[in-house]
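Trainee: I'm new to this one, so please pick a single aromatic pair and take a close look at it with me.

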Amino acid sequence: MTNALAANDNPAIPSNRFAAISSEPNILTDIYREEINLSVWQCTLSQALNSEVADFMSAASELQLSIALTPEQTIDELHGASALLVDKPALSAHLAMLVDMFCTLFELKRAGLRLTLLNKAMCPKFHVDHIPCRLVSTLGGVASQWLPHEKVDRSKLGLGSKGKKDHESGIYTCQSDIQQLNTGDIALLKGSGWFGNEEGALVHRSPAPAAGETRLLLTLDFID
């Protein structure tokens, strides 16, 4: 008798999850496709925006901005929360555009924005997010890393790693399995809280910046 589960011994784990990657912003709508757990708009940041990000990172020795925003009030709320953004029109406009896109895509009245300056990996081990979906974009510095669905041993997530580091735990086989976003990319990471994706959430981690370097990380989340 043929074993119907030979290709996937655990029917709770989906056999196929893929990344959708494009230089066009409408690729983000692909996150609604069942088989997609990562949508990436490879956004090319303007020279003015890159310059403002560099100035912002130099001026902010530390930053952990967390704020709930509506698309209509994003710039005013951002300027009220951080004086460093007041003279950064390109950066402010970019953040406002992403809040508007995120809220429009998921029919939200507001989003939870976090803008963080990091000099170390925030989540250094591969993991999944137990939420429906999160927008992630590294505006400056080294960007986030992820593993293709078929390259992951999910039994090694969390406590399954037995405290071992990723390269020791067996969560992936080869260093070449690790994929990395680019600075400026706009990525939607589908989590385990998305209906039907409980066992297909994107496995990802924060990279460690090199000594003396920092990264500016933006995330957008659903909020009540």
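Mentor: Let's begin with Phe-222, which is partly exposed at 30% relative accessible area; that term covers values between buried, under 20%, and exposed, over 50%, using a 1.4 Å probe and protein chains only. The model is predicted, so local features need pLDDT of at least 70 and side-chain atom pairs pLDDT 80 or more, while totals for chains, interfaces and linings use all residues. Numbering runs from 1 along each chain as its sequence is written, and side-chain values use heavy atoms, leaving out hydrogens and water.

Aromatic pairs, with ring centres within 6.5 Å (for Trp, the six-membered ring; planes under 30 degrees apart are stacked, over 60 edge-to-face, the rest tilted), number 7 here. With centres 5.0 Å apart and planes at 55 degrees, Phe-106 and Phe-222 make a tilted pair. Because Phe-106 is in helix α3 and Phe-222 in strand β10, the pair ties together parts 116 residues apart in sequence; helices (H or I, at least four residues) and strands (E, at least two) are DSSP runs numbered from the N terminus.

Now look around the pair. Beyond four places in sequence, Phe-106 contacts (heavy atoms within 4.5 Å) residues including Ile-31, Cys-133 and Leu-188. Over the ring of Trp-194 sits the charged end of Lys-190, 4.6 Å from the centre; the rule asks for NZ of Lys or CZ of Arg within 6 Å of the ring centre and within 35 degrees of the ring normal.
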